[in-house]
Amino acid sequence: MAFITWTDAYSVGIEEIDNQHKGLVKLINKLFDAMSDGQANSILNGILNELTKYTQVHFATEEKYFALYDYPESAEHIEEHLQFVNEVLKFKAQFEAGNIVLSFEVFKFLRGWLVKHIQGSDKKYSQCFIANGLK
Ligand SMILES: [Fe+2]
């Protein structure tokens, strides 16, 4: 069974964003499976890099629309993105330095953050984005 299962409850009602969120879920699941299978650190590192890059691309997409549509809650939202990226980069650096292993705790953090962020902060921009013509 997948570590995170996508459900329609996670949809923000905008196809491009939903697809990116699905992409993040897929990458976290891929990393989780690789860890569970006992894959080498070099493999885990590669997936972790993919996840970090994809997260940044995804946040940039949301933030592009914040600017375009003058989204009023943009500052708080961007701050949440920054904190998450910092957290992941810190964790990635520790992993690369061999100081930590990919533990279940780390995965619970990733899943918890993503689900909470999508269902809380991301859903708040749906109306604004949709009113501006996104679908
Ligand atoms: Fe977001």
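## Reading the helices

Helices here are DSSP runs of H or I with at least four residues, strands are E runs of at least two, and both are numbered from the N terminus. Just past α3, Gly98 has a positive phi of about 80°.

Before going further, a word on what you're looking at. This is a predicted model, in which local features need pLDDT of at least 70 and side-chain atom pairs count only at pLDDT 80 or more, while totals for chains, interfaces and linings use all residues. Residue numbers start from 1 along each chain as its sequence is written.

## α2 against α3

Two packed helices are described by the angle between their axes and the distance between the axes. In this model, axes are lines fitted to C-alpha atoms (for helices, over the stretch in contact), with angles from 0 to 180 degrees between N-to-C directions. The axes of α2 (residues 41-68) and α3 come within 11 Å and cross at roughly 170°. That makes α2 roughly antiparallel to α3; the cut-offs are under 35 degrees for roughly parallel, over 145 for roughly antiparallel, 65 to 115 for roughly perpendicular, and oblique for the rest.

Residues are in contact if their C-beta atoms, placed from the backbone, lie within 7 Å. On the α2 side, the contact includes Asn45, Leu48, Thr52, Gln56 and Phe59, and on the α3 side His77, Ile78, His81, Val85 and Phe95 are among those taking part. By class, this contact has eight nonpolar, seven polar and three charged residues. The classes go like this: Ala, Val, Leu, Ile, Met, Phe, Trp, Tyr, Cys and Pro are nonpolar, Asp, Glu, Lys and Arg are charged, and the others, Gly among them, are polar.

Take Gln56, which sits in helix α2. Gln56 and Val85 are 29 residues apart along the chain, yet their C-alpha atoms are separated by 7.6 Å.

Helix α4 (residues 104-131) and α3 have axes that come within 12 Å and cross at roughly 170°. So α3 is roughly antiparallel to α4. Here the contact is made by His77, Glu80, Phe84 and Phe91 of α3 together with Val106, Trp113, His117 and Ser121 of α4. Sorted by class, that's four nonpolar, three polar and one charged.

The axes of α1 and α4 come within 11 Å and also cross at roughly 170°. These two helices are therefore roughly antiparallel to each other. His21, Leu24, Ile28 and Phe32 of α1 meet Phe107, Leu110, Arg111, Leu114 and Ile118 of α4. This contact has seven nonpolar, one polar and one charged residues.

## The nonpolar core

Nonpolar side chains tend to be buried together in soluble globular proteins. A nonpolar core here is a set of buried Ala, Val, Leu, Ile, Met, Phe, Trp, Tyr and Cys residues joined through C-beta atoms within 7 Å. Which residues form the largest nonpolar core? There are seven: Val25, Ile28, Leu31, Phe32, Leu48, Leu51 and Leu110. Both α1 (15-36) and α2 supply at least two residues of this core, and α1 gives the most, with four.

Leu31 is a handy one to click on. Setting aside neighbours within four places in sequence, Leu31 is in contact with Leu44, Ile47, Leu48 and Leu51.

## Loop and leading segment

Asp70 lies in the loop between α2 and α3. Its phi is near 55°, a positive value in a residue other than glycine. Is Asp70 buried or exposed? Asp70 is exposed, with 9 other C-beta atoms within 10 Å.

Gly13 is in the segment before α1 and counts as partly exposed, with 13 C-beta neighbours inside 10 Å. Beyond its neighbours within four places in sequence, Gly13 is in contact with Ser126 and Ile130. Asp8 is also found in the segment before α1, and Asp8 is exposed, with 6 other C-beta atoms within 10 Å.

Note on methods. Two residues are in contact if their C-beta atoms, placed from the backbone, lie within 7 Å. A residue is buried if 20 or more other C-beta atoms lie within 10 Å of its own, exposed if 12 or fewer, and partly exposed in between; C-beta atoms are placed from the backbone.
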